[in-house]
Amino acid sequence: MTLPRTQKTSRAPGERPAGDPPAGRSRPRRTSPLLGYLLRRLGTSVLLLLGVTIVTFALTNLVPGNPVAAALGEGAASNPETVAAYVKRYGLDQPLPVQYLTYLGNLLQGDLGRSLATGRPVTTDLATAIPATLEIAVLTIIVSLLVATVLGTVAAYRRGMVTDQVVRVVSLVGLSLPTFWLALVSFNFFFLQLRVVPGSGRLTATLTPPPTVTGLFTVDFLLNGDGVGFVDALAHLTLPVFVLSLFTVGLLTRFIRTSVLEVLGSDYVRAARAKGLSPMRIVFDYVLRGASLPILTIVGIAFGALLSGTVLVESVFAWPGLGTYAYNAARNLDLPGIMGVGLVVGFIYLGLNFIVDLLYGLLDPRVRLA
Amino acid sequence: MSALTITDLNVDLGRPVVRGLSLTLEPGKIQGLAGESGSGKTVTSLAVLGLLPRTARVTGSIRVGETEIIGLRTGALNRVRGRRVAMVFQDPSASLHPQLTVGHQLTDHVRTHMKLDRKAAKAHALELLERVRVPDPEAALGRYPHQFSGGQRQRVAIAIALACDPDVLLADEPTTALDVTVQAGILRLIRDLADERRLAVLLVTHDLGVLSAIADDIAVMRQGVIVESATRAELFINPQHAYTRELLSAMPGSPYEEAPRVD
């Protein structure tokens, strides 16, 4: 009697040496798939930027009453010459589409109008406010990501055990505490009572800001080789960053824990264990790399959320950033100021998304080479 | 000496999954382990590498050469894993890391276990890819898993498993996720490797057809227990257990009569 053979095994003898279809890409390789991917993303970003300008432009026309009066303020608006000059400069006597193009043209030249609250060009104001906010936001994200990666990974490895429970409660508390309340409490406790950290501004009044290179005081002090200034700027960052980090750490920890758990259950981590790699090697090379894409997504979202979160925190700590500027502009009905902030925040979001897309391409060969 | 000796293995994952299993693997021989899903065959192979969840209760004895696996700490286990016992998983698109190049995954454990430097590890990797017949090995090292076909990926996975020249290869349904047309090529490769390297292979599958092609001995497992164990010829010509006959009759194109279901 012959052995029973299924269809698949009966082919074995006549099989080609490497019996699989040819590997990989049949198409010839184009110059750089990553570049193409980036150009596509960039194109999308430009279109979105135009969308943002349309929204801010529409805002000027939606303001109840006279946009000229709103833009110039009551005093100047009562002077017909000033009004006429303003109308001419911004082409307000033209039809809306032409007005929009004029607005766009001014925008491209960096002309965002003059702030009613400060009397300076909005561009000048924003040039100091943006780096101030970015300094807080970037430091917060870096600190949060480091802390949350450790907490989330440890919690995932100790799933269901005491460490995991503690981490989950802590991250929930961080997420739940209202940021403005936390800002006030920590201002009161760490600054007014303990006096361990400075509580307002970017720098002690007796120090002069460093020569502007990046606009980030810590970086500029370092570039200038000024250790005292660096430490002082860092000390001033402590409280705002601490307050904002609690929320971000809470958010990131929960996501990282979930992502790491998912990766830990994957075949490739099991395969890495089966290879006898050390646990540390597996964490960094296999687990965190595998979890990096969802982590990147949530970091992008958290960074965006930070920008809105800074408004209240900056007010409490008298931090001369975008949040404080937006707050003052809104209080003074400073339309050019409000529009400027709106535009900048829109730009930052888009820039952020572009960076996230870029990092996706770098982290994931399937995105890069697809 | 046997390459792998499992004696009276019991695994409890909240319920008994493997009960009193004993199995011996000899160098150069392919031991088939057949059974339906949930019969405990995969758990058995994971137990050999100490890869079961922490909550699993494992008793009995698993000896790799002279080394007892059960109760070994991670550090000592890692000197066995990959080095003396290697594993090939069912689905190579899941068992290879999508973000790491084939070269990286082929050399990281080599550098750990065999203390080779980057250059030597790369040369070793090239040799392996050539041996498992991955076309253009040099370019393949820099590619990512998604740039290979399913069959090529499994060849890469086999190359990774063989990289540190292990004594025992655990292959868990290594052809199940593949097209029928490429299954035969992979099975042939495993057979050839077992012969030329005196590799002891545990081939776990639900498909007796796979075992009929390349296994030397076959154990049939059901509900955590080995119900029948014999040489390939004996098992196919004269199956003793009703469950074995049922499995045989379930094969497409089977000459066996429809066996009564065993419940």
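1. The largest cavity is lined by 18 residues, and those that lie nearest its centre are Ala271(A), Lys275(A), Met87(B), Ala157(B) and Ile160(B). A cavity is a set of points, on a 1 Å grid over the protein atoms alone, where a 1.4 Å probe fits but cannot get out, and lining residues have an atom within 4 Å of a point. Two or more lining residues come from each of α12 (267–274) of chain A and β6, α4 and α7 of chain B. With four residues, α12(A) gives the most to this lining. The volume of the largest cavity is about 180 Å³, and the structure holds two cavities of 30 Å³ or more. Volume here is the space filled by probe spheres set on the points, with grid points joined across faces, edges and corners.

2. This is a predicted model, in which local features need pLDDT of at least 70 and side-chain atom pairs count only at pLDDT 80 or more, while totals for chains, interfaces and linings use all residues. Residues are numbered from 1 along each chain as its sequence is written, chains are lettered from A and ligands numbered from 1 in the order in which they are written, and side-chain values use heavy atoms, with hydrogens and water left out.

3. Chain B has an open sheet of six strands in the order β6-β7-β8-β3-β9-β10, with mixed pairing. Helices (H or I, at least four residues) and strands (E, at least two) are DSSP runs numbered from the N terminus, and two strands pair if DSSP finds at least two bridges between them. At the edges stand β6 (85–88) and β10 (225–231) of chain B; each has a single partner strand, so one side of each is left without a neighbour in the sheet. From one strand to the next the twist averages 20°.

4. Within that sheet, β7 (residues 168–172) and β8 (residues 200–205) of chain B pair in the parallel sense over five bridges. Val168(B) stands opposite Ala200(B) in β8(B). Helix α11 (residues 242–249) of chain B packs on the sheet, touching β9 (217–222) and β10 of chain B, and its direction makes about 105° with that of β9(B). Contact means heavy atoms within 4.5 Å; axes are lines fitted to C-alpha atoms, for helices over the stretch in contact, and angles run from 0 to 180 degrees between N-to-C directions.

5. A second open sheet in chain B has four strands in the order β2-β1-β4-β5, with antiparallel pairing. Its edges are β2 and β5 (67–68) of chain B, each with a single partner strand, so one side of each is left without a neighbour in the sheet. Strands β1 (residues 4–12) and β2 (residues 16–25) of chain B pair over six bridges; Leu9(B) has Leu21(B) as its bridge partner, and Thr5(B) has Thr24(B). Three residues lie between the strands of this hairpin, where Gly14(B) takes a positive phi near 90°. Helix α1 (residues 41–48) of chain B lies across β1, β2 and β4 (57–64) of chain B, at about 115° to β1(B).

6. In helix α5 (residues 118–131) of chain B, the buried residues include Ala121(B), His124(B) and Leu128(B). Buried means under 20% relative accessible area, exposed over 50%, and partly exposed in between (1.4 Å probe, protein chains only). The buried residues of α5(B) pack against α4 (102–114), α6 (137–141), α7 (150–162) and α8 (180–197) of chain B. Just after α5(B), Arg133(B) takes a positive phi of about 65°.

Technical notes
1 Å grid on protein atoms, 1.4 Å probe; cavity = no way out; pocket = protein on both sides within 12 Å on 5 of 7 lines; lining within 4 Å.
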